[in-house]
Amino acid sequence: MAGKQDLELYDVTIIGGGPAGLYSAFYSGMRDMKTKIIEYNPTLGGKILLYPEKIIWDVGGVPPISGEGLIRNLTEQAMVFEPTIVLNQQIMNLDRLSDGTLLLTSNTGEQHHTRTVILAMGHGIPKMRKLEIEGADRYEVTNLHYTVQELAIFRDKHIVISGGGDSAVDWANALQPLAASVTVVHRREEFGGHERNVLRMKESCHEILTSYELTGLHGSGASVEGVTIKHVETGETRTLELDALIVNHGLTTDLSPMLAWGLELGEYNMPIVDAARQTNIPGVFAAGDLIQYDGKLRLISGALVDGGTAVNSAKRYLDPEAHSQAYVSSHNQKFKEKNKELEQQPVAVK
Ligand SMILES: Cc1cc2nc3c(=O)[nH]c(=O)nc-3n(C[C@H](O)[C@H](O)[C@H](O)COP(=O)(O)OP(=O)(O)OC[C@H]3O[C@@H](n4cnc5c(N)ncnc54)[C@H](O)[C@@H]3O)c2cc1C
């Protein structure tokens, strides 16, 4: 492992490659700071990776776009000033060195040396809650799905969806027109999500089985071919045959390493920040779903605003004489050459 003296010193290191982290990286480049993003997942995008085919309407100035499309755009923007990207590492430790700089250590043992940090870790590392039933691991590689990455693979299939949150309802509605049948199994009577979507699901899906839970998986080795479901009150059991099983039992998240970093934490262990998105640790700022403050907008748009504000605060921490924000992009000389190139492709910018 490299000692601290061998490590390249960054102005800003961003932990988390979701919308908050990606926009922070772009804006940090606008402020001439040497920037690194560290992300646990093998790809950038944060929680949007969980809903790549959903259509997102509520990002300012962006017409309806798929999750995948928005990740592509956020990533392209983040790369404008060529930050260093480190994937597949979870930051476990944050330590202050005697010279006032910070040292981050990841689960692989790799260390990262930085003058400031922006925490953009969302609710932690998001993972779909797995089914704790014998055989579930084995079928994950074939036809047991925890997210819907591509609708087309479910065409003409008999599908069982287990779960009743908004994602389960959305997937049922999205799959129903192309699947041979969609059956929804949910352990409660009530469903999450918009009332109109729940109604549409109830009217269009093959069967809605409420107060049932999955208790068994049946298959002949490679794939799951059926499930046993049990009524939560009466104990009655039924068997359903299927071609594909989608399990949407919510998310688990892991923020546990952060709890030992000395941050002042509020409700749900969210770091408390001031209006400048500064935490109680000097040089450590935070953005996005991770944080709580009065008026917090818990949307992608809110994460982007937090990112810009956190970057401005990091800049002023390093250089108290610096302007409070970057020069607006429409008048910023940094983009002069890039604008010339774009103007050669009028359709792309108009
Ligand atoms: C199903 C669903 C649908 C949604 N739909 C919309 C919508 O239509 N419109 C909208 O505005 N919002 C929507 N949201 C909310 C939106 O996705 C979040 O507000 C947004 O992703 C928050 O961005 P973030 O960057 O703060 O966090 P995240 O997107 O959660 O990204 C945090 C990243 O940090 C990484 N990370 C965490 N801890 C570490 C660590 N220690 N080391 C390294 N990496 C780490 C995680 O792996 C993750 O990639 C939706 C959310 C869900 C779950």
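Aromatic pairs number 6 in this structure, where rings of Phe, Tyr and Trp (its six-membered ring) pair if their centres lie within 6.5 Å, with planes under 30 degrees apart counted as stacked, over 60 as edge-to-face and the rest as tilted. The model is predicted: local features need pLDDT of at least 70, side-chain atom pairs count only at pLDDT 80 or more, and totals for chains, interfaces and linings use all residues. Residues are numbered from 1 along each chain as its sequence is written, and side-chain values use heavy atoms, leaving out hydrogens and water.

| Pair | Geometry | Centre to centre | Angle between planes |
|---|---|---|---|
| Phenylalanine 81 and phenylalanine 335 | edge-to-face | 5.8 Å | 65° |
| Phenylalanine 285 and tyrosine 317 | edge-to-face | 6.1 Å | 75° |

Phenylalanine 81 lies in the loop between helix 2 and strand 5 (84–86), and phenylalanine 335 in the loop between helix 6 and helix 7 (336–343), 254 residues apart. Helices (H or I, at least four residues) and strands (E, at least two) are DSSP runs, numbered from the N terminus. Phenylalanine 81 is partly exposed at 25% relative accessible area, whereas phenylalanine 335 is buried at 10%; buried means under 20%, exposed over 50% and partly exposed in between (1.4 Å probe, protein chains only). Phenylalanine 285 belongs to strand 19 (residues 284–286) and tyrosine 317 to helix 6, so this pair ties together parts 32 residues apart in sequence. Phenylalanine 285 is buried, with 0% relative accessibility, and tyrosine 317 is partly exposed at 34%.

Ring pairs also join Tyr23, Phe26 and Tyr27 with Phe81 and Phe335 in a cluster. Tyr23, Phe26 and Tyr27 are among the buried residues of helix 1. Since 12 of the 12 residues of helix 1 are buried, the helix is largely enclosed by the rest of the structure. Its buried residues pack against strand 1, strand 2 (35–38), helix 2, strand 8 (111–119) and helix 6, a contact being heavy atoms within 4.5 Å.

The largest nonpolar core has 32 residues, and those with the most contacts inside it are Ile14, Ile48, Ile56, Leu70, Ile118 and Ile300. Such a core is a set of buried Ala, Val, Leu, Ile, Met, Phe, Trp, Tyr and Cys residues joined through side-chain atoms within 4.5 Å. Helix 1 gives the most to this core, with 7 residues. Not counting residues up to four places away in sequence, isoleucine 56 touches Ile48, Tyr51, Pro63, Pro64, Ile65, Gly67, Leu70 and Ile300.
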